[in-house]
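Please look over the sequence and the model below before reading on. The report is meant to be read with both in view.

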Amino acid sequence: MKTILFCRVSSREQEETGYSLPAQEKLLQDYSEKKDFKIAKKFSISESASGKYQRKSFDEMLDYVRKNDIKIIICEKVDRLTRNLKDAVSINEWLNENTERQVHFVKENCVLSKDSKSNDKFIWNIKVSTAQYYIDNLSEEVKKGQKEKIAQGWLPTKPPLGYKTEGEKGHKIHILDEKKSLLVKKMFEFYASGNYSLKKLVEKMFEEGLRTNGGNKLVKSRLADLLTDPFYIGKIRWNNEIYDGKHEALVSEEVFNLVQRVLKGKTTPRYTKHSYLFRGFIKCEECGGLITWEKHKGITYGHCNHYRNCSQRTWVREPEAERQISELFCNLQIKKQELTEWIKQALKESHKDEAEYHCSALNELNARLGQIQKRLDNLYDDKVDEKINKEFYESKFKKYSEEKDSVLNSIKQHSDASNKYFELGINIFELSQKAPDLYQNANLEEKQQLIKLVFENLYLLGDKINYVYSKPFDIIATAVESTNSSKELNSAKNLSKIFELSNSSLKTNKIGAFSPEKTALLAGWDAFRTSHWINYIKYPERLQEMLLSCLKNA
Ligand SMILES: [Zn+2]
């Protein structure tokens with residue numbers, strides 16, 4: 001009679017009792033020899049293998065016995081054969097198909113077959129039928145419960161990273177996990193900037209101190225999943241449908257949509273060898289197609305690419321387009337000293353939000369540092385007490401020390417970044433004021449960087465360039481326009497009345513720095529102050545150098 005052996009050993013057993021697969025194999029082998037069975041194949045599963053792998057091995061074993069018409073499975077104990085209810089049902093099906101089939105449980109001295117009437121068979125059957133009932137009903141019940149939960153506005157499973165579960169069973173809700181939520185938010189903002197590949201973002205977030213709930217590094221595929229999860233904008237995605245959630249959104253829809261665009265690669269810059277100044281920057285205002293640049297007799301012209309239906313026929317000369325754009329840079333210059341001071345003040349306030357983020361990240365990192373230090377201390381004590389050997393001590397010491405270094409490094413980066421952010425905010429403003437000069441003295445690449453930085457969109461209609469400033473510059477331009485032109489603002493008194501910073505900003509976060517009766521312009525400034533626009537901007541190092549040297553010379 002042919003048989004197969006089925007062994008399964010948990011890794012803890014192996015470590016603690018030295019009870020290993022070969023020992024179990026030996027037991028089963030001796031048994032089958034005694035019974036005069038012929039072993040066709042041995043299947044061994046270590047419990048340290050993943051659940052998926054274990055399931056695969058179990059299915060392979062069943063496949064094998066069916067294909068090779070094996071009638072007998074030998075294993076140690078019931079729980080060695082079946083690790084979950086589904087396995088039990090599968091085994092029972094196999095037994096019931098053929099009365100000759102048997103499962104021998106060696107340690108329990110029990111043989112199961114379709115017709116065996118022992119007490120074991122009874123218990124086995126109870127177990128199997130319960131399992132079957134459970135499996136049949138589980139999915140129904142679960143689905144029903146999940147539907148109810150979604151109807152109430154709550155995700156029926158664990159929330160993604162950045163949220164945590166609160167409340168008793170049946171009344172669980174999801175709230176922001178203050179330890180991680182700001183980092184996750186940051187992750188979206190970093191990616192929205194277009195400055196990170198997924199791979200780079202994995203490293204960046206690790207440095208920033210973001211870990212999975214299990215304390216591990218976030219892997220690329222998981223990170224990509226998170227970036228597409230509408231849970232972060234307050235929605236619930238369930239079976240490919242989107243529902244409104246009751247949980248607090250962590251990310252704005254604006255940033256989330258930007259992230260989706262970057263993920264789809266729509267905003268990935270394409271570099272070409274021959275570089276025209278405006279290549280890729282200007283669109284045809286009528287059809288939205290990119291303006292094509294080409295050289296004829298030494299002069300560069302731009303015109304609609306006519307990939308779409310469009311009536312635009314003008315060919316604009318590059319110098320003419322450049323003249324118009326230089327003018328737009330001039331529109332950013334503020335002529336009133338008071339306003340300049342006020343803007344700097346606003347920038348300082350915007351720095352507060354950023355500082356808060358770094359502060360909370362630092363708190364988590366410091367807590368981790370404390371944990372690691374404690375482990376190191378304990379380890380040292382254990383060594384002194386001779387509870388552990390030298391090898392163990394050294395390997396653990398190395399592991400904790402490396403972890404400690406990496407946390408210390410993250411702490412340092414957060415401290416640096418906090419300062420840099422402030423500089424950057426001021427620099428953006430300074431940049432807007434120096435832009436015309438900078439542009440005049442820039443080389444091709446620098447000019448392109450400046451254009452990219454200052455304009456969100458440029459359009460050509462006829463021979464006229466129309467434009468949309470990128471967010472911070474748009475706000476500066478609006479302010480400049482009204483202050484430079486309005487008679488009302490000509491007196492310093494009126495100016496200070498409108499642009500005065502209210503102290504209430506320290507008390508009320510939601511309204512911002514300004515009392516509601518202030519002008520619409522101020523609403524714009526408020527957005528400028530509180531939004532994380534800085535993250536969306538590519539701020540190339542070279543440009544920063546240029547700016548710094550320009551400031552030194554001024
Ligand atoms: Zn066109």
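The structure is a predicted model, in which local features need pLDDT of at least 70 and side-chain atom pairs count only at pLDDT 80 or more, while totals for chains, interfaces and linings use all residues. Residues are numbered from 1 along each chain as its sequence is written.

## Overall make-up

The protein contains 18 helices and 15 strands, where helices (H or I, at least four residues) and strands (E, at least two) are DSSP runs, numbered from the N terminus. Of its 554 residues, 24% count as buried; a residue is called buried if 20 or more other C-beta atoms lie within 10 Å of its own, exposed if 12 or fewer, and partly exposed in between, with C-beta atoms placed from the backbone. Among the contacts in the protein with a separation of 6 or more, 60% join residues 24 or more positions apart, a contact being two residues whose C-beta atoms, placed from the backbone, lie within 7 Å.

## Two sheets

Strands of a sheet pair through backbone hydrogen bonds, either parallel or antiparallel. Here two strands are said to pair if DSSP finds at least two bridges between them.

| Strand pair | Sense and bridges | Facing residues |
|---|---|---|
| β10 and β14 (455-461) | parallel, 3 bridges | I282 and L458 |

## Helix α7 and its partner

Helix α7 (residues 181-192) and helix α8 (residues 198-208) have axes that come within 11 Å and cross at roughly 145°. In the contact between them, L183, K186, M187, F190 and Y191 of α7 meet L201, K204, M205 and E208 of α8. By class, this contact has 6 nonpolar, no polar and 3 charged residues, where Ala, Val, Leu, Ile, Met, Phe, Trp, Tyr, Cys and Pro count as nonpolar, Asp, Glu, Lys and Arg as charged, and the others, Gly among them, as polar.

How many of the 12 residues of α7 are buried? The helix is mostly covered, with 10 of its 12 residues buried, including L183, M187 and Y191. The 12 residues of α7 should span 16 Å at 1.5 Å a residue, and its end C-alpha atoms are 17 Å apart, which agrees; the expected span is 1.5 Å times one less than the number of residues. After α7 comes G194, whose phi is positive, near 75°.

## Residue L263

L263 is found in helix α10 (residues 253-263). This residue is partly exposed, because 14 other C-beta atoms lie within 10 Å. Although L263 and Y191 are 72 residues apart in sequence, their C-alpha atoms are 8.6 Å apart in space. Leaving out residues up to four places away in sequence, L263 touches L227 and T228.

Terms used
Axes fitted to C-alpha atoms, helices over the stretch in contact; angles between N-to-C directions.
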